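Hello, and welcome to this one. Below are some notes to read alongside the sequence and the model, arranged as numbered points.

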Amino acid sequence: KKIGNNAFESTGLTSIVFEGDIEYIGERAFAEISDLKTVTFMGSVEELGNGAFYACHSLADIKLPEGIKKLV
């Protein structure tokens, strides 16, 4: 699975749980979501794009798996 660049940018999401493995999280995929409080990835994440969670000022809890292979 891949989450593209700007996929959820500026949406009204408050929390997200991804249960499967993620190959790539694009640049600014979750950027500027002002009400986003929690993000949980249950599976693996191979690559995390630049600014993926940029300006998510309410983000209080993010659970990323260990072993992210590449931060861009």
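**Notes on the predicted model**

1. Let us begin with contacts along the chain. Taking the contacts in the protein between residues at least 6 apart in sequence, 21% join residues at least 24 apart. Please keep in mind as you read that this is a predicted model.

2. Next, the overall make-up. The protein has seven strands and zero helices, so its elements, read from the N terminus on, run β-β-β-β-β-β-β. The radius of gyration is 11 Å, close to the 11 Å that the globule rule gives for 72 residues, so the protein is as compact as a globular protein of that length. Along the principal axes, the C-alpha trace spans about 25 × 20 × 15 Å.

3. Now for the surface and the interior. Of the 72 residues, 31% count as buried.

4. Which strands does β4 join, and how do they run? Strand β2 (residues 15–18) and strand β4 (residues 38–41) run parallel and are joined by four bridges. Within this pairing, S15 stands opposite T38 in β4. Three bridges also join β4 to strand β6 (residues 61–63), and these two run parallel as well. Here V39 stands opposite I62 in β6.

5. The aromatic rings deserve a look of their own. How many aromatic pairs does the structure hold? There are four. One of them is formed by F8 and F30, a stacked pair with 5.3 Å centre to centre and 5° between the planes. F8 lies in the loop between β1 (2–3) and β2, while F30 lies in the loop between β3 (22–25) and β4, so this pair ties together parts that are 22 residues apart in sequence.

6. F30, at 0% relative accessibility, counts as buried.

7. F30 has another ring partner to examine. F18 and F30 form an edge-to-face pair, at 6.0 Å centre to centre and with 65° between the planes. Because F18 lies in strand β2 and F30 in the loop between β3 and β4, the pair ties together parts that are 12 residues apart in sequence. Both F18 and F30 are buried. Stepping back, ring pairs link F8, F18, F30, F41 and F53 into a cluster.

8. The relative accessible area of N6 is 39%, so N6 is partly exposed.

9. S10 also lies in the loop between β1 and β2. Its phi is positive, at about 60°, although S10 is not a glycine.

Definitions and conventions
Residues are numbered from 1 along each chain as its sequence is written. This is a predicted model: local features need pLDDT of at least 70, side-chain atom pairs count only at pLDDT 80 or more; totals for chains, interfaces and linings use all residues. Side-chain values use heavy atoms; hydrogens and water are left out. Two strands pair if DSSP finds at least two bridges between them. Rings of Phe, Tyr and Trp (its six-membered ring) pair if their centres lie within 6.5 Å; planes under 30 degrees apart count as stacked, over 60 as edge-to-face and the rest as tilted. Buried means under 20% relative accessible area, exposed over 50%, partly exposed in between (1.4 Å probe, protein chains only). The radius of gyration is taken over C-alpha atoms; the globule rule is 2.2 Å times the number of residues to the power 0.38. Contact means heavy atoms within 4.5 Å.
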